[in-house]
Amino acid sequence: MEESVNIYQSKREFHLFVANTYRDLKQLKKEGDLSTFNNLLLKAMPEVKRYVNKNLNRALSNGKIDRNKYRADDFIDQLFIEVYEHIDEIENEKELYPWMFKKVDELLGDILVEEEFDSLFFENLDNYSKPEWDAMQEKFSTDGDGDLVMKEEWDDISYAKNDYVLNHVFVEDGDQEIIVQLDKELGAENIKKHSELVLRHLPGPMRRVYELFTEHQFDVAEIAKIRNSTIKEVESLLDAARKSLRKSFLNRYVS
């Protein structure tokens, strides 16, 4: 539990670090020091690049894009240009980090076709048997989708402890016992793989809102700005994603 708290704190501290680069970046642009500007901005990019990688990997595994046509670095390079050109339009230091995710979402949206919503999967979360869950997991792994999505991110600190995933799913009173059971019986890798399997089948907006909240530690107001949405819509999507994940864990491993 302490580890997951430390992870949360480190993520929020990184938000603060990015915010603290704002005035320096503006000054460096004013001075025309592009090299130092880029070097400083690079230090603020790891989480943005991971977000791009994950979305590209999913699109690649779903056959939505050509394997050789797009690279995460292409989007990050464009983001460098966008930040340099528009840094003076960003209102304050707290807006910089959400603005970067908003911009990269727009860049991705130019080439990614929104995935078809797997309504059949969604509607049958209550009905799948354990063998059916295992068969879906096997297909997911055999197709390479799971490994493809995870290989870029598995060593990231966000997944150092599985309770970091579970604590975002099981938020009701009395859920601690379930967390302990899943922690003991499954282990970090299986918990993450099951979570990824379910998230893959959820509607894109629901999945991205959930990941912006859990993995990148944006609050609902910041996500609303990133997604050009309302706070109420973000809260609804976040709640729906959490309930879907909770239901899937309970039906597959607890019931």
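This is a predicted model: local features need pLDDT of at least 70, side-chain atom pairs count only at pLDDT 80 or more; totals for chains, interfaces and linings use all residues.
**Ground rules.** Local features need pLDDT of at least 70 and side-chain atom pairs 80 or more, while totals for chains, interfaces and linings use all residues. Residues are numbered from 1 along each chain as its sequence is written, and side-chain values use heavy atoms, with hydrogens and water left out.

**Entry 1: α5 and α6.** I looked up helix α5 (residues 72–86) and helix α6 (residues 93–109); helices here are DSSP runs (H or I, at least four residues), numbered from the N terminus. Their axes come within 10 Å and cross at roughly 130°, the axes being lines fitted to C-alpha atoms over the stretch in contact, with angles from 0 to 180 degrees between N-to-C directions. I noted F75, Q78, L79, E82, V83 and H86 on the α5 side, meeting W99, M100, K103, L107 and L108 in α6 (contact is heavy atoms within 4.5 Å).

**Entry 2: α13.** How many residues of α13 (residues 204–214) are buried? Nine of the 11 are, so this helix is largely enclosed by the rest of the structure. Buried means under 20% relative accessible area, with a 1.4 Å probe and protein chains only. Among the buried ones I found R207, R208 and E211.

**Entry 3: Y253.** I found Y253 in helix α15 (residues 231–254). Y253 is buried, at 16% relative accessible area. Leaving out residues up to four places away in sequence, Y253 touches Q181, L182, E185, L186 and H194. W133 is 120 residues from Y253 in sequence, yet 9.7 Å away in space, C-alpha to C-alpha.

Notes. Helices (H or I, at least four residues) and strands (E, at least two) are DSSP runs, numbered from the N terminus. Buried means under 20% relative accessible area, exposed over 50%, partly exposed in between (1.4 Å probe, protein chains only).
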